[in-house]
Amino acid sequence: MTPGDEKKSLSAIQIDALREVGNIGAGNAAIALSQMVDKKVDLSVPKATLLPLVGVPDLVGGPETTVAGIYLSIAGDCSGSILLLLEKESASSLAGLMVPAETPTAELSVVKRSALQETGSILSGAYLSALGQLTGLFFKPSVPGFAMDMAGAIIDYVLVDLGATEDMVLVVETDFMVSGVKILGHLILFPDLGTLATILERLGVPFE
Amino acid sequence: MSDVVAVGVAELKIADNSSILASFGLGSCVAVAMFDPLKKIGGLAHVMLPDSRGKGAIEGATGKFADTAVPYLVDELVKRGARKNGLRCKIVGGAQMFEIPGAQKKDSAMAVGPPTHIGARNIEAVKNELGKLRIPLLGEDTGGNYGRTVKFNSCTGEVEVSSIYHGRTVI
């Protein structure tokens with residue numbers, strides 16, 4: 001058992017606070033994304049949930065589902081990782097919007113992979129900067145890694161990298177609409193031990 | 001067809017008669033399939049980390065560490081009638097899913113030794129344990145940078161490995 005293990009659920013007010021962070025972060029992200037693809041970007045109000053890590057593959061259709069994962073580690077005042085999971089179709093359409101010149105292919109080209117990697121970087125950066133503004137904490141994201149593979153394999157890597165199984169993760173789920181094309185993305189924050197508690201405390205909604 | 005029993009991360013299960021033990025979407029984790037071909041009994045561990053030392057209690061997660069999962073598999077199988085010197089093993093997984101330039105985790109457990117990735121260290125740790133217990137490794141499909149799904153038939157000892165980019169193989 002580790003400290004924090006007993007915190008299996010968030011109160012309504014904590015979820016609201018985290019959703020608000022998600023809102024502002026997603027707003028930042030939408031602006032950045034819109035500048036990048038030079039198109040109008042709309043987004044839904046994000047959902048914020050606390051999930052057990054092993055439940056994450058189910059978000060995208062189970063452990064064997066093909067997904068694109070963009071993974072960054074966070075350093076600074078608080079440590080952790082961020083994983084952006086895009087469903088296969090969403091990843092292809094997003095990549096298609098960013099690299100329109102290429103003919104659509106089943107496999108992602110190097111350019112498209114790199115474009116998605118950059119998207120992950122922008123989205124997580126936007127989220128982290130919102131989180132930073134609201135908490136007064138400093139977060140420094142690493143260069144992103146990219147993989148398109150089974151959801152289970154991607155999660156399992158992140159899980160091992162964190163060295164924890166029982167821990168809960170914060171999932172911010174956001175839909176983007178880029179000029180009429182729906183992009184479904186899951187931005188998942190994996191807080192290291194104590195990080196979530198620190199964030200909630202700074203947001204003024206600490207664990208009781 | 002036989003039942004398929006899922007072995008989740010850090011779990012360890014022994015096959016029940018004709019059931020197939022499966023781990024879906026292995027990344028850097030290593031699936032350890034151990035069996036006695038004569039007694040037709042086997043088990044599968046879904047190993048997540050190489051070393052249990054300093055990691056506290058492992059209650060309910062017997063498959064989590066290489067150094068605990070392998071001896072535990074042996075004990076459980078022997079308890080159910082397998083011959084200790086008749087045990088054989090096959091391993092799958094241990095991939096490196098992400099290449100993050102310049103980002104080396106500060107976790108003390110990962111900082112020791114050469115900067116090899118966790119998948120490789122899981123593979124090495126499992127092989128180490130097998131060596132200590134003198135259990136022959138009959139086959140492996142390990143490493144690389146892609147996810148795998150494993151289905152283990154403990155009666156035949158066959159391990160079917162499938163992945164998105166590399167199709168299906170049987171070891």
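Analyst: Happy to! One term first: a crossing of two helices is called right-handed if the near helix is turned clockwise from the far one by less than a right angle, and left-handed if it is turned anticlockwise. Please keep in mind that this is a predicted model.

With that in hand, helix 1 of chain B passes helix 3 of chain B in a right-handed crossing. The contact involves A66(B), D67(B), V70(B) and P71(B) on the helix 1 side, and N122(B), A125(B), V126(B), E129(B) and L130(B) on the helix 3 side. The axes of helix 1 and helix 3 of chain B cross at roughly 40° and come within 9 Å.

In chain B, 5 strands form an open sheet in the order 2-5-4-6-7, with mixed pairing. Strand 2 (12-14) and strand 7 (137-142) of chain B are its edges, each pairing on one side only. On average, neighbouring strands of this sheet are turned by 10° against each other, direction ignored.

Within the sheet, strand 4 (residues 30-36) and strand 6 (residues 88-93) of chain B pair in the antiparallel sense, over 6 bridges. One example is A31(B), whose bridge partner in strand 6 of chain B is V92(B).

Helix 1 (residues 66-79) of chain B packs on this sheet and touches strand 2, strand 4 and strand 5 (41-47) of chain B. The direction of helix 1 makes about 165° with that of strand 5 of chain B. Helix 3 (residues 118-132) of chain B lies across strand 4, strand 5, strand 6 and strand 7 of chain B, and runs at about 25° to strand 4.

Confidence in chain B is highest in strand 6, at 96, and lowest in helix 2 (residues 108-111), at a mean of 41. Over residues 102-115 of chain B, pLDDT stays under 50, and the model has 13 contacts beyond four places in sequence for that stretch. For the complex, the predictor gives an ipTM of 0.78 and a pTM of 0.80.

Terms used
Residues are numbered from 1 along each chain as its sequence is written. Chains are lettered from A and ligands numbered from 1 in the order in which they are written. This is a predicted model: local features need pLDDT of at least 70, side-chain atom pairs count only at pLDDT 80 or more; totals for chains, interfaces and linings use all residues. Two strands pair if DSSP finds at least two bridges between them. Helices (H or I, at least four residues) and strands (E, at least two) are DSSP runs, numbered from the N terminus. Axes are lines fitted to C-alpha atoms, for helices over the stretch in contact, and angles run from 0 to 180 degrees between N-to-C directions. Two residues are in contact if their C-beta atoms, placed from the backbone, lie within 7 Å. pLDDT is the predictor's confidence in each residue, from 0 to 100.
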